[in-house]
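Please read them with the structure open.

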Amino acid sequence: MTTELRALTSVRGIAAWWVVLYHVRGGIAGLPPAAEALFAKGYLAVDFFFLLSGFVIWLSWHDRLRAPDAAVRFLQKRIARIWPLHAVTLAAAVGLALLLRATGRDDPAFPFGELPLHVLLIQNWGFTDALDWNDPAWSISCELAAYLLFPLLVLAVDWRKLPTAATLCVAAALLLALHVAMHGAASLGNDIPRYGLIRCLCEFATGTLVASLFLRMRKPMTAGHASRHPASGATPERMVMGGAVLAAIAWALGTPETLAAPATFAALLLALALTSARGRSPLEGGMIHYLGEISYATYLSHFLIWKAFKLPLASPSLSPSVIAAYLVLVLVASILLYHGVERPAQRRINAMSIRRHRLTPAA
């Protein structure tokens, strides 16, 4: 089991709130253009999530999955991580849909015929052509596909055995494949039912490659070679951060978002991981780290809360004070869902799995 890189947990919280602001930006009265432009890119936080997911899962499981029956245990733990909270938020969506139907305000965003796909978390595997029920759940549908394929990836190839240059080439090829697969789409957020799955799989796989680079780049420090480049100051994290800056500049100069954004985020992820592992980061503070811990609850609950929050309000444009009340509501809901649903459900499901393994003679 790897030690937590606290800065990455914190960044996950920041990314989750970026998604929240993305969804509410159109309802904020008097929002400055600069803030509107920043919030409008909040959908890109999901791309960072995909990269981070591949990174963390590779660090935690790339060795353990080679043991007998480890793939089953891996999938049990991943389902325990994502499905219970999804089930609760989906049940809340069903309750909201029934309420709207009972009051004569049937919402086409709640198609009951597609509900089984959402229960099984396979709705974004090419079975639907729109984001329905709880819109953000499309990404965990795609994550589930990545989890199912991950054991096969681990058994097929060990990234640690690839030279660094080859690892970088494979990562570049994956991101180029994503760009090509999106057929010139203007942004990564285009046509999610069509491109969301390939977007997730390519970025998740790239995250596993970033993790393998992290493992080899942190070794000089742990082996006592911190001063390998004392004169130039060319430490691994500085070189990687330089790569992230170059990718961001290329993006700003017109490189397509479908290519430049994942490359920028992959380099940024590696730089954050290296600095988190080698010293105290400003991102490791207790409060911001806690926002990262509850970020899944924030991500999965905020959209439905926003739909329900707006129902009694007559105006589509809300004052900053009303928006602030909504944000506080999301925070409170995130805390309650994390401690009342997410964590207890994980513990119960994982404990059941452990008991079953102990009762199995082969175990």
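1. This is a predicted model. In it, helices α1 and α3 are roughly antiparallel to each other, because their axes cross at roughly 155° and angles over 145 degrees count as roughly antiparallel. The axes of α1 (residues 6-24) and α3 (residues 45-61) come within 9 Å, and the crossing is left-handed.

2. The largest pocket holds about 1,300 Å³ of space. Thr9, Arg12, Val56, Arg78 and Arg81 are the closest to its centre among the 39 lining residues. Elements giving two or more residues to this lining include α1, α4 (70-102) and α14 (320-359), while α3 gives the most, with 11 residues. The lining has 19 nonpolar, nine polar and 11 charged residues.

3. The second largest pocket has about 380 Å³ of space. Of its 18 lining residues, Leu168, Ala171, Leu213, Ala266 and Ala267 are the closest to the centre. Helix α7 (164-181) is one of the elements that supply at least two lining residues; α7 provides the largest share, six residues. The class count for this lining is 15 nonpolar, three polar and no charged residues.

4. One cavity of 30 Å³ or more is found in the whole structure. The largest cavity holds about 40 Å³, and its lining includes His118, Gln123, Asp132, Asp135 and Trp138. That lining divides into four nonpolar, five polar and two charged residues.

Notes: Residues are numbered from 1 along each chain as its sequence is written. This is a predicted model: local features need pLDDT of at least 70, side-chain atom pairs count only at pLDDT 80 or more; totals for chains, interfaces and linings use all residues. Side-chain values use heavy atoms; hydrogens and water are left out. On a 1 Å grid over the protein atoms alone, a cavity is a set of points where a 1.4 Å probe fits but cannot get out, and a pocket is an open set with protein on both sides within 12 Å along at least five of seven lines; lining residues have an atom within 4 Å of a point. Grid points are joined across faces, edges and corners, and a volume is the space filled by probe spheres set on the points. Ala, Val, Leu, Ile, Met, Phe, Trp, Tyr, Cys and Pro count as nonpolar, Asp, Glu, Lys and Arg as charged, and the others, Gly among them, as polar. Axes are lines fitted to C-alpha atoms, for helices over the stretch in contact, and angles run from 0 to 180 degrees between N-to-C directions. Helices (H or I, at least four residues) and strands (E, at least two) are DSSP runs, numbered from the N terminus. Angles under 35 degrees count as roughly parallel, over 145 as roughly antiparallel, 65 to 115 as roughly perpendicular and the rest as oblique. A crossing is left-handed if the near helix is turned anticlockwise from the far one by less than a right angle, and right-handed if clockwise.
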